[in-house]
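Let us walk through the side-chain contacts of this protein. We begin with aromatic rings and then turn to charges.

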Amino acid sequence: MKKIIVFICLLTLVNTVNIAHAQEERNHGIIWSSLHGLEYEIKAGINIGGATPLPLPQEIRALTGYNPNIYLSIEGNITKWFTKKKNWGMTLGIRIENKGMEADARVKNYSMEIIGGGGERLSGNWTGDVKTKFRAAYFSIPVLATYQLSNRVRLSAGPYISFKTNGDFNGYVSEGYLRKEDPTGTKVEFTGDNTAPYDFSDDLRSFQWGVQAGASWRAFKRLTVHGDITWGLNNIFNKDFQTITFNMYPIYLNVGFGYAF
């Protein structure tokens, strides 16, 4: 029994020493980073927004419904301060995020390609209701100029690039009609409960770029609260995609919290 107690005491002592050593190394790393003007942060948030044409084209007569849903993001970043006062610096981040939306619209002569009951595709101009569901996962890299406005408030702005890992853009049309090929073509009607799906998921662009701007507030010593706007500057669809005749830009607000080291 005494041997067991002695063994437990030795094991506890070794574990305590290891924890103390790890804490010492961590503190040493934080001090070294601080002396070299480096700060680290882990952030989590939600994206709220959508992909939209700017301005709204004449084909879209009314937006009858919108659901931003909840899309999460996780980010790690490092800030390098260029001055001793730590008021100007640059932040480099790596962010894993999802973006999306659901929208309902009433349209007229809207370029569309629907999928028939036998799997055939019909192209033309749609007049009626359109239901759209968009969702995409991205690996994003923001590169931001950072300004420390006060001990608690920090501003940042700059470009970002995103790489799509997967995504969907689909929906259905209802309560209207399709003019095949052009606005004067053969009329195909959908009324009542009749709908026709469409799917442009394979036409989503893999590479996105845009600008980001935002602010963060240090609520406590380590806890931060942030809000950032990201504005995509290229179309979410590939360049050779011609069905939707206008560009759609992803514009999102990201809000959340972080832990600063």
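Which residues do ring pairs link into a cluster? They are Phe-134, Phe-169, Tyr-198, Phe-200, Phe-237 and Phe-241. Keep in mind that the model is predicted. The count of aromatic pairs in it comes to 11.

Start with Phe-134 and Phe-169. Their ring centres are 6.0 Å apart and their planes meet at 50 degrees, so the pair is tilted. Phe-134 belongs to strand β5, residues 121-148. Phe-169 belongs to strand β6, residues 153-180. The pair therefore ties together parts that are 35 residues apart in sequence. Both Phe-134 and Phe-169 are buried.

Phe-169 also pairs with Phe-200. Here the centres lie 6.4 Å apart and the planes are at 15 degrees, so this pair is stacked. Phe-200 sits in the loop between β7 (187-199) and β8 (207-218). Again the pair links distant parts of the chain, 31 residues apart. Phe-200 is buried, as is Phe-169.

Rings also meet charges. The charged end of Lys-99 sits over the ring of Tyr-138, 5.8 Å from the ring centre. Lys-187 lies over the face of Tyr-177, at 4.3 Å from the centre of that ring.

Now turn to pairs of opposite charge. Such side chains can pair when their charged atoms come close. How many salt bridges does the structure hold? It holds nine.

One of them joins Lys-43 and Asp-228, at 3.6 Å from N to O. Lys-43 is in strand β1 (residues 38-52), and Asp-228 is in strand β9 (residues 223-232). The two are 185 residues apart.

Another salt bridge joins Asp-129 and Arg-106, at 2.9 Å from N to O. Asp-129 is in strand β5 and Arg-106 in strand β4 (residues 88-115), 23 residues apart. Asp-129 has 26% relative accessibility, so it counts as partly exposed. Arg-106, at 35%, also counts as partly exposed.

Asp-168 is partly exposed, at 31%. Arg-135 is partly exposed, at 29%.

Finally, look at a network. Salt bridges link Glu-75, Arg-95 and Glu-97.

Technical notes. Residues numbered from 1 in each chain as written. Predicted model: local features only at pLDDT ≥ 70, side-chain atom pairs only at ≥ 80, totals over all residues. Heavy atoms only, no water. Phe/Tyr/Trp six-rings, centres within 6.5 Å; stacked < 30°, edge-to-face > 60°. Helix = DSSP H or I, 4+ residues; strand = E, 2+ residues; numbered from the N terminus. Buried < 20%, exposed > 50% of the residue type's maximum accessible area, 1.4 Å probe, protein only. Lys NZ or Arg CZ within 6 Å of the ring centre and 35° of its normal. Salt bridge = Lys/Arg side-chain N within 4 Å of Asp/Glu carboxyl O.
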